[in-house]
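Keep it short and grouped by topic.

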Amino acid sequence: MDQTERRILGQPLPVPTAQPKKRRTSMMSFFSKVSWTLRFQKQESLKNVFSILAERAQDPNAKKRHMAMRGLGTMACETPDKVRKYKKIILDLLVHGLYDPVSAEVILESVKTLTIILGKIQGKSLGSFFVDITLQTRTLLDDENDNLRYSAFILFGQLAAFAGRKWKTFFTSQVKQTQDSLLIHLQDRNPQVAKACKTTFRACSPYLKERKENSFQTEEDQRNPKLCRQLVKPAAM
């Protein structure tokens, strides 16, 4: 794999030595196909990539679902203009990933990719996806997995920045129900999670205050680019 492919796909998941050779070959073949299509997207329709990822996102194999979510994140980073075009399809796949019934890895990758996607589209025109994402992300704030808990706090804080007027009432109720978790994880056993929680608590603080309608934070304020950049800034776990 050359440097360009590594930049596009990132480091592949470590493959357990006990995994059957046929399955390992299948996974590498999938990555190669996505990589090839991304590299030669001027000749090859990007729609084909979405077809591949959409199929893998619903595959019975959890590893393939995981790779599909990672692939969507790669596309968001490499071709942000295309993300806007296929936004509804991508969001639908990622929301399903958030609710994966068996794989924490799929859920984690979905959370991370949603953070990227929402940053690219600045939280615009999320529709009912905003509700689905908020509800599930809130349940992940107390997850036992440190990485998942950390990523959930980052995403929840980002949602606070993008709630706007349309979802103000709904998100206010969600934040109030989450207040105990926010307070508890300010002292999280993992320093990175505690730091993410502190940033998120700051982003959510306007929703915890009783304010008159005309003094509530405006949508323009909530879309503060500096806050959004802070929320999506990667940190080592």
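The protein has 13 helices and zero strands. Here helices (H or I, at least four residues) and strands (E, at least two) are DSSP runs, numbered from the N terminus. This is a predicted model, in which local features need pLDDT of at least 70, side-chain atom pairs count only at pLDDT 80 or more, and totals for chains, interfaces and linings use all residues. Residues are numbered from 1 along each chain as its sequence is written, and side-chain values use heavy atoms, with hydrogens and water left out.

**Overall fold**

- From the N terminus on, the elements run α-α-α-α-α-α-α-α-α-α-α-α-α.
- Of the 237 residues, 49% count as buried. Buried means under 20% relative accessible area, exposed means over 50%, and partly exposed lies in between (1.4 Å probe, protein chains only).
- Contact means heavy atoms within 4.5 Å. Among contacts with a separation of 6 or more, 70% come from residues 24 or more positions apart.

**Helix H3 against helix H4**

- Helix H3 spans residues 47-57 and helix H4 spans residues 62-78. They pack at an angle of about 145°, with their axes 7 Å apart.
- Axes are lines fitted to C-alpha atoms, for helices over the stretch in contact, and angles run from 0 to 180 degrees between N-to-C directions.
- The crossing of H3 and H4 is left-handed. That term applies if the near helix is turned anticlockwise from the far one by less than a right angle; clockwise makes a crossing right-handed.
- On the H3 side, the contact uses Val49, Phe50, Leu53, Arg56 and Ala57. On the H4 side, it uses Lys64, Arg65, Ala68, Met69, Gly71, Leu72 and Met75.
- By class, the contact of H3 with H4 holds eight nonpolar, one polar and three charged residues. Ala, Val, Leu, Ile, Met, Phe, Trp, Tyr, Cys and Pro count as nonpolar, Asp, Glu, Lys and Arg as charged, and the others, Gly among them, as polar.

**Helix H9 against helix H10**

- Helix H9 (residues 146-162) and H10 pack at an angle of about 145°, with their axes 12 Å apart.
- H9 passes H10 in a left-handed crossing.
- H9 brings Phe153, Phe156, Leu159 and Ala160 to the contact. H10 brings Phe171, Val175, Thr178, Ser181 and Leu182.
- The residues of this contact divide into seven nonpolar, two polar and no charged.

**Aromatic rings**

- A pair of aromatic rings is described by the distance of the centres and the angle of the planes.
- Rings of Phe, Tyr and Trp (its six-membered ring) pair if their centres lie within 6.5 Å; planes under 30 degrees apart count as stacked, over 60 as edge-to-face and the rest as tilted.
- The structure holds six aromatic pairs.
- Phe130 and Phe170 form an edge-to-face pair, at 6.4 Å centre to centre and 70° between the planes. This pair links distant parts of the chain: Phe130 lies in helix H8 (residues 129-140) and Phe170 in helix H10 (residues 168-184), 40 residues apart.
- Both Phe130 and Phe170 are buried.
- The ring centres of Phe171 and Tyr207 are 5.0 Å apart and their planes are at 70°, so this pair is edge-to-face too. It joins helix H10, which holds Phe171, to helix H11 (residues 191-208), which holds Tyr207, across 36 residues.
- Phe171 is buried, with a relative accessible area of 0%. Tyr207 counts as buried at 1% relative accessibility.
- Ring pairs link Phe130, Phe156, Trp167, Phe170, Phe171 and Tyr207 into a cluster.

**Cysteines**

- A disulfide is a pair of cysteine sulfur atoms within 2.5 Å. By this rule the count is zero.
- The closest cysteine sulfur to that of Cys204 is in Cys197, 9.0 Å away, so a bond is ruled out by distance.
- Cys204 is buried, with a relative accessible area of 0%. Cys77 counts as partly exposed, at 43% relative accessibility.

**Two long-range sites**

- Ile116 sits in helix H7 (residues 104-121). At 30% relative accessibility, Ile116 counts as partly exposed.
- Not counting residues up to four places away in sequence, Ile116 touches Gly73, Ala76 and Cys77. The C-alpha atoms of Ile116 and Thr74 are separated by 9.4 Å, and the two residues are 42 residues apart along the chain.
- Ala203 is found in helix H11. Ala203 is buried, with a relative accessible area of 8%.
- The C-alpha atoms of Ala203 and Ala161 are separated by 6.8 Å, at 42 residues apart along the chain.
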